[in-house]
Amino acid sequence: MPQVEEVTETKVHKLETAKEVRVGIVGYGTVGRATAEILAHNTDEIRRRTDGVSIRLTRACRRTLHSSDRLPGSAVLVSDWREVVDAEDVDIVVETIGGTDVAYDVVRASIENGKPVVTANKALVAQYGEELFALADARGVPIGLEATVGGGVPVIRAIAEALAADRIHAVYGIVNGTANFILTRMEHHGVQFEEALRQAQAAGYAEADPSLDIDGLDARDKIAILARLAFNASLAPSQIPVTGIRHIGATDFHYARRLNSTIRLVASAERNPQGISVSVEPWLVEHDSMLAKVDGPNNAIFVAGEKVGTQMLYGHGAGGGATGTAVLSDVVQIARHLARGQRVPNGLPGFHRPEKVALTDRAHPVSWYLRLTVRDHPGILARVAEVIAREGINIDSVIQEPHMQKERLSFVITLEPVGESVVRRAVAAIDQFEFMREKVLLVPIRSC
Ligand SMILES: NC(=O)c1ccc[n+]([C@@H]2O[C@H](COP(=O)([O-])OP(=O)(O)OC[C@H]3O[C@@H](n4cnc5c(N)ncnc54)[C@H](OP(=O)(O)O)[C@@H]3O)[C@@H](O)[C@H]2O)c1
């Protein structure tokens, strides 16, 4: 385990007597500002819960200073992040810039200065976490990352601490609120993807460039972090196959309803005898499943352990208030230690000496939903069925709405359980047919 280090007086000013810990926030946008506001609003509450430790914001940083900027108390706003990271009056650095360029420099420089750092930045942790934690362990500095996954949902601590004694065999769930908002809009209002995306942007959930959310890349960073924690696995986001939701249409929700199901974008990591399988992709899930009940921008993360069974953590997965609370949960934990004159590196599984783990296809065969969009003419079904039979796959059902346009007709085939590589081979062959108007939409059918 990493060593607990005694903190020198030069690093943490008058800690033993004043019991005051000073925080600097780099990145004063949605999350940084909310963190400052919650800290100011709940000062007394936090002091009560930390046995008298007072946590005070002393500095904040944003790129452009505005005359209207108001900081709580006597905190100072600066535009150069080094004025926070190097400041004598900052004991803990909070990084809420985002991205992996300047944010990397901020976190690295904080660690090198011997300052604990708390980040909400999943992209940074997913990509550079192993390197940054190695440096932090060597310097005896903790890194807080509760806010990187699930917003206010305390899933990092649940896996790393509360479930530390169990053998986890799966972590999966809805970790991107924007994608879930879009899918549930399509489900409940019958709108097409583009219209649901416009509604998400109007509601402030999706960025002008929403690709991180709808192409599953944000979810990929998050499941990379959760898989590391759950399986102590060294894992880069680029190793994780990802399918977003751009190709899901209103017609898929129509067909899903006929199958008593709906569609959710699910990030999952499952242990199997050969290693782990990790993915981000849309799943077809039954209406009465827990995943189907996760509506709007909410998150729900399921952790399945050998002894504890399956636990579900549910709540606001984003937004300043929820995420700022998660940031402060790390600040409070670190401040408790600092107030005792100690810095305690996390020694988090998956980041502290992770193991090489084989990445495999999902171990168990599952059922599949295939939506084909074709230019209709006689004999199509027979040719598709022949390809499927050639792979030894059994068809479970074929569904087609009557009175569809012949030029662009969508129908659905569901398949009995079969391995992913087999079904992908069949789909690749079907995609070659001259009557296909677009590629087959392939979605696993999961019961959970
Ligand atoms: N928003 C959420 O709901 C949410 C939820 C979970 C996690 N997160 C994560 O939290 C982080 C911050 O997200 P956010 O939504 O708060 O972003 P944001 O609103 O865009 O705020 C970013 C802040 O960083 C500042 N900044 C950017 N580059 C800088 C630089 N080089 N030097 C100094 N300051 C710089 C910006 O300055 P200006 O104000 O001058 O532009 C802004 O104040 C990201 O990693 C994000 O993934 C966000």
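In the predicted model, an N or O atom in the side chain of Arg 63 is placed 2.9 Å from an oxygen atom of the ligand. An N or O atom of the Thr 64 backbone is found 2.9 Å from a ligand oxygen, and a backbone N or O atom of Tyr 28 lies 3.0 Å from an oxygen atom of the ligand. On its own, the ligand has 890 Å² of accessible area, of which the protein covers 77%.

The shell around the ligand comprises 20 residues, and those that come nearest are Val 31, Arg 62, Arg 63, Thr 64 and Gly 319. By residue class, this shell divides into eight nonpolar, nine polar and three charged members. The space that the ligand takes is the largest pocket.

Backbone geometry was examined as well. Asp 51 adopts a positive phi of about 55°, although this residue is not a glycine. Asp 51 belongs to the loop that connects helix H3 (43-49) with strand S3 (54-61). Because its relative accessibility is 62%, Asp 51 counts as exposed.

A positive phi of about 55° is likewise found at Asn 260, which is not a glycine either. The position of Asn 260 is in the loop between helix H12 (250-258) and strand S10 (261-272). With a relative accessible area of 45%, Asn 260 is classed as partly exposed.

How values were computed
Residues numbered from 1 in each chain as written. Predicted model: local features only at pLDDT ≥ 70, side-chain atom pairs only at ≥ 80, totals over all residues. Heavy atoms only, no water. Helix = DSSP H or I, 4+ residues; strand = E, 2+ residues; numbered from the N terminus. Buried < 20%, exposed > 50% of the residue type's maximum accessible area, 1.4 Å probe, protein only. Near = heavy atom within 4 Å. Polar contact = N/O pair within 3.5 Å; in protein donor to acceptor, adjacent residues only side chain to side chain. Areas by Shrake-Rupley, 256 points an atom, 1.4 Å probe, with all protein chains shown as cover. 1 Å grid on protein atoms, 1.4 Å probe; cavity = no way out; pocket = protein on both sides within 12 Å on 5 of 7 lines; lining within 4 Å. Sits in = over half its atoms within 2 Å of the grid points. Nonpolar A, V, L, I, M, F, W, Y, C, P; charged D, E, K, R; others polar.
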